[in-house]
Amino acid sequence: MKLLIIDDAPEMLRAFRDILEAYGCEVYVAENGEEGLARYAEVMPDVVLMDILMPKLDGISATKKILEMDPSAKIIVISAVGKSGLDNECLLAGAKKFIIKPFKIKELLSSINSLVAE
Amino acid sequence: MKGIESVRGYQEEIIEAIPSTIIVVNRSLEVLYANRNYYAKSVAKRERDVLGERLSRVIPPMLIEKTGIIDKIREVFLTGVPFDGDQIRYPGGMFYFYKIYPLKEDEESISKVVIFMENITELTRLEEELRESYVKLENAFAELKENDAIKSEFISTASHELRTPITVINSYIEMFEGGMLGELSSVQREKIEIISSQIEHMIRLVEDMLDVSRLESKALKINKYPIWVDDIARKAIDDLSRLAGLKEQSMSLTIEGSHSDVEGDGRRIKQVFNNLLTNAIKYTPEKGKIEVIITDEPEDVCVSIIDNGIGVAKKDQHRIFEKFYTGSGSSLTRESGRMGLGLAIAKGIIEAHEGRIWVASEIGMGSTFIFTLPKKL
């Protein structure tokens with residue numbers, strides 16, 4: 001399974017890569033929304049894990065742009081911001097799921113698996 | 001008319017006793033009468049120097065100039081409309097207030113006007129002082145609000161910024177625990193468990209910080225649906241029985257009546273139970289007793305959490321529900337692992353449900369925390 005992780009925190013990218021690769025996923029990373037768009041077009045991943053607060057292009061705008069490019073894109077927004085209404089904003093932008101940090105890897109994996117199975 | 005009848009014959013004394021200056025002038029602006037207060041205030045003026053004299057010679061030129069009172073008197077004679085008053089400032093910081101009233105002989109002609117004049121210096125000074133205090137108070141309040149906003153912003157930012165590192169640490173702990181980084185020895189496994197439980201604790205602190213900033217910005221979301229308070233209590237007690245077990249404390253639940261008609265946010269109410277029970281466990285000595293009693297009141301469901309622990313001093317009972325309040329003792333004797341948020345959050349949640357929360361306690365005699373949830377009527 002191909003996963004694209006878009007997050008501006010390198011430690012987060014590293015941790016995602018380590019753990020998801022250990023579960024047998026093929027992991028691609030991007031450090032901001034803009035780079036994420038380019039990577040998406042390049043690798044066409046099965047699922048995208050998207051941060052919200054990022055330089056250049058934020059996660060909500062990036063979600064919209066990816067969906068313009070590929071309406072069948074499966075995007076999970078993962079945010080540290082628990083601001084009320086943000087979950088809805090992400091879902092309205094077309095994200096399939098909204099997960100708040102910190103989360104259990106097992107929960108994340110089950111979210112990814114259920115999206116891929118759709 | 002009756003009232004005035006009863007003092008007929010005393011008018012003179014009444015007028016003389018009025019603590020304002022009263023002067024009556026005729027159309028030629030000659031003084032016909034000045035009351036006792038006028039003579040008391042005017043140095044070396046006696047009645048014979050004043051009566052029949054022109055007004056401009058009787059009151060200080062400064063006053064005449066400042067007020068334009070002569071023109072105003074003429075105006076009142078001309079129109080018959082009273083001059084309703086004005087304030088004048090005298091050199092030396094004195095303030096006066098004056099009014100001019102026409103005295104009508106009959107419907108047509110006005111032959112006299114009466115001038116009332118009052119020294120309002122003290123009043124004006126007080127008013128000024130009041131205004132200054134008000135401005136100071138407003139500034140202080142604005143500053144306080146700004147500080148509070150900065151503090152709230154900081155709490156919110158800190159709780160967000162801590163989330164990414166916690167997630168990273170948590171992910172690796174999960175990898176270790178899942179054996180994905182090689183088999184762990186029993187010692188390694190034990191230490192990983194300690195790290196894991198400490199991270200759990202840290203997550204709770206971060207969640208509490210976020211809840212408090214949500215409460216402050218009124219962004220705490222309450223999803224109301226029918227809930228079973230009894231079940232929530234049972235679950236909360238279950239979750240904490242291990243912690244109470246460590247101190248060999250007994251926990252019991254007594255349910256009186258049925259409590260099916262409450263609507264609320266089950267997850268949040270559970271959090272209230274959790275915060276209150278955790279406190280009870282923390283502040284009750286080993287082998288202590290913690291009881292939860294749920295009763296049915298006409299309009300509410302009432303939950304009491306009773307412990308036989310150290311209790312809360314009277315002077316602290318109100319303040320313990322404030323955020324960041326960790327008791328009135330010195331900060332060095334403060335127990336670790338708490339930020340003084342649990343009760344503030346519990347209060348916020350209960351109030352968002354339109355319920356009430358309070359404590360009854362005496363030092364050394366244990367505490368009873370009580371909260372109510374309104375029934376759906």
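Predicted model: local features only at pLDDT ≥ 70, side-chain atom pairs only at ≥ 80, totals over all residues.
Colleague: What covers the buried residues of helix 8 of chain B?

Modeller: Helix 8 of chain B has 41 residues and reaches 59 Å from its first C-alpha to its last, close to the 60 Å expected at 1.5 Å a residue. Its buried residues include Thr121(B) and Thr124(B), as well as Ser156(B), Ala158(B) and His160(B). The elements of chain B that cover the buried residues of this helix include strand 3 (83–90), strand 4 (94–104), strand 5 (110–119), helix 9 and helix 10.

Colleague: Which residue just after helix 10 of chain B takes a positive phi?

Modeller: Helix 10, which runs over residues 186–216 of chain B, reaches 45 Å from its first C-alpha to its last, close to the 45 Å expected for its 31 residues at 1.5 Å a residue. Among its buried residues are Ile192(B), Ile199(B), Met209(B) and Arg214(B), and the cover over the buried residues of helix 10 includes helix 8, helix 9, helix 12 and helix 13 of chain B. Just after this helix, a positive phi of about 55 degrees is taken by Lys218(B).

Colleague: Why is helix 11 of chain B described as oblique to helix 12 of chain B, and what is the handedness of the crossing?

Modeller: The axes of helix 11 (residues 229–246) and helix 12 (residues 266–282) of chain B come within 9 Å and cross at roughly 40 degrees. That angle makes helix 11 of chain B oblique to helix 12 of chain B. The crossing of these two helices is right-handed.

Colleague: How do the residues of the contact of helix 11 with helix 12 of chain B divide into nonpolar, polar and charged?

Modeller: On the side of helix 11 of chain B, the residues that meet helix 12 include Ile232(B), Lys235(B), Asp239(B) and Leu243(B), while helix 12 of chain B contributes Phe273(B), Asn274(B) and Leu277(B), among others. The residues of this contact divide into twelve nonpolar, three polar and three charged.

Colleague: Is Ser304(B) buried or exposed?

Modeller: Ser304(B) lies in strand 10 (residues 300–307) of chain B. Leaving aside neighbours within four places in sequence, its contacts include Val292(B), Ile293(B), Phe369(B) and Ile370(B). Because its relative accessibility is 15%, Ser304(B) counts as buried.

Key
Residues numbered from 1 in each chain as written. Chains lettered and ligands numbered in written order. Heavy atoms only, no water. Axes fitted to C-alpha atoms, helices over the stretch in contact; angles between N-to-C directions. Helix = DSSP H or I, 4+ residues; strand = E, 2+ residues; numbered from the N terminus. Parallel < 35°, antiparallel > 145°, perpendicular 65-115°, else oblique. Left-handed = near helix turned anticlockwise from the far one by under 90°. Contact = heavy atoms within 4.5 Å. Nonpolar A, V, L, I, M, F, W, Y, C, P; charged D, E, K, R; others polar. Expected span 1.5 Å × (residues − 1). Buried < 20%, exposed > 50% of the residue type's maximum accessible area, 1.4 Å probe, protein only.
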